[in-house]
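Hello,

Please find the structure below.

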Amino acid sequence: MADHPSPDQRPVEEQLGELRTRIDAVDQQLLQLLNQRAQLAQAVGEVKKIDSSPVFRPDREAQVIDKLKNLNPGPIQADSIAPIWREIMSACRSLEAKLKVAFLGPIGTFSEQAALDYFGSSIDALPCPSIDEVFRATVAGSADFGVVPVENSTEGVVARSLDLLLQSPVTIIGETSLLVSHNLLRKEPLRAGIKVVCAHPQALAQCQGWLSQNLPDAERRPVSSNAEGARLAGKDASIAALASTRAASRYGLHVLQAGVQDDAHNRTRFVIISQPEALPASAPTGHDCTSLIVSVDNRPGAVHDMLVPLKHHGVSMTRFESRPARSGQWEYVFYMDLAGHPAQDNVAAAMSELRAQCSFFKVLGTYPLDVH
């Protein structure tokens, strides 16, 4: 019979003390290594200055995270790698220059959380009062990048974002998605006396079942963002908000009920926009998306013919949405996401044939898929 090691008979505090000492030693090693990485990042920044290369390369950062996830032996879970390294890269990147990132504000929105998840916390945050202002700031150059919601798993597309992607001279350089949990927030720690629930229209729609059952007599008042609703709730005890726990902390509110959205798996997808000349074309990462806006002449079979090149060349279409072209003629444009990168021969061939079928063809961008 094999011998088993005897259990450690020392007092618990003594065992914990030894383990904590070892952890402190590892932390010191990590700190030294992080500073070595930061010094290398500074050296990279100096080289980039020679040809004015951009500080931020989303394709490069996606490749770094992918490689680390593949090398990870555990026990750290693979899903933890991306947020840890995004913060490390964000801190190192800020030694060259802090990126200015615009998003739908005020502070405390899910759009802010999406910006922090994508870029890390070492950024100059620019909260904007509307999605329109996020686009304006990005186009005008007062922000390096903008973060805008484009679709929700419960309520579908964010129409204003899609319309502005059509109208604005921006390109998509990345995407991220959030599991969105709406919480009922209030200045007072009880539900009695709530007369108004303030939130973004999408949030009100995502929580309509819960609100109808639990606060049937309360007015549902749409505002520019959930964080704006939280700000208003912080000033008036008769107002409740649907917002994040981050907003609750910022505006001094109680969480009366967590997770009041009707769909427990409610997610919102955000895209990252920039001026077209801000970054060079993204290099292939192996998990890329190409977003297009197209239109075809109004004739029988036009939409079918438009999709034939994708089937012929084996290119998957992961998203297909139609929106009015706002021409007054009942014409439509189609928003398409294709799986792949134009550097792939089949994707390039499919896009070339697709372009020939279209009366309007706009490439919104090619970018790495969310690597969380």
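At what angle do helix 2 and helix 3 pack, and how far apart are their axes? First, a caution: this is a predicted model. The angle is about 140 degrees, and the axes are 10 Å apart. Angles over 145 degrees would count as roughly antiparallel. Helix 2 and helix 3 are therefore oblique to each other. Their crossing is right-handed.

The contact draws on both helices. Helix 2 brings Glu61, Val64, Ile65, Leu68 and Lys69. Helix 3 brings Ala78, Ile81, Ala82, Trp85, Arg86, Met89 and Arg93. By class, the contact of helix 2 with helix 3 has 8 nonpolar and 4 charged residues, with no polar ones.

Now helix 2 itself. It covers residues 58-71, which makes 14 residues. At 1.5 Å a residue, helix 2 should span 20 Å. Its end C-alpha atoms are 20 Å apart, so the two agree.

Which residues of helix 2 are buried? They are Pro58, Asp59, Glu61, Ala62, Val64, Ile65 and Asp66. Among them, Glu61, Val64 and Ile65 also belong to the contact with helix 3. An α-helix has 3.6 residues a turn, so residues three or four places apart point the same way. Helix 3 (78-93) is one of the elements covering the buried residues of helix 2. The cover also includes helix 4 (110-119), strand 5 (171-179) and strand 15 (360-368).

The other helix pair is helix 5 (residues 131-140) and helix 6 (residues 159-167). Their axes come within 10 Å and cross at roughly 30 degrees. Angles under 35 degrees count as roughly parallel. Helix 5 and helix 6 are therefore roughly parallel to each other. Helix 5 passes helix 6 in a right-handed crossing. On the helix 5 side, the residues are Ile131, Asp132 and Phe135. They meet Arg160, Ser161, Leu164 and Leu165 of helix 6. The contact of helix 5 with helix 6 divides into 4 nonpolar, 1 polar and 2 charged residues.

Last, Pro106. Where does Pro106 lie? It sits in the loop between strand 1 (100-104) and helix 4. Is Pro106 buried or partly exposed? Its relative accessible area is 22%, so Pro106 is partly exposed; buried would need under 20%. Leaving aside neighbours within four places in sequence, Pro106 is in contact with Pro127, Ser225, Ala227, Glu228 and Tyr251. Pro106 and Ser224 are 118 residues apart along the chain, yet their C-alpha atoms are separated by 9.3 Å.

Best wishes

How values were computed
Residues are numbered from 1 along each chain as its sequence is written. This is a predicted model: local features need pLDDT of at least 70, side-chain atom pairs count only at pLDDT 80 or more; totals for chains, interfaces and linings use all residues. Side-chain values use heavy atoms; hydrogens and water are left out. Helices (H or I, at least four residues) and strands (E, at least two) are DSSP runs, numbered from the N terminus. The expected span of a helix is 1.5 Å times one less than its number of residues. Buried means under 20% relative accessible area, exposed over 50%, partly exposed in between (1.4 Å probe, protein chains only). Contact means heavy atoms within 4.5 Å. Axes are lines fitted to C-alpha atoms, for helices over the stretch in contact, and angles run from 0 to 180 degrees between N-to-C directions. Angles under 35 degrees count as roughly parallel, over 145 as roughly antiparallel, 65 to 115 as roughly perpendicular and the rest as oblique. A crossing is left-handed if the near helix is turned anticlockwise from the far one by less than a right angle, and right-handed if clockwise. Ala, Val, Leu, Ile, Met, Phe, Trp, Tyr, Cys and Pro count as nonpolar, Asp, Glu, Lys and Arg as charged, and the others, Gly among them, as polar.
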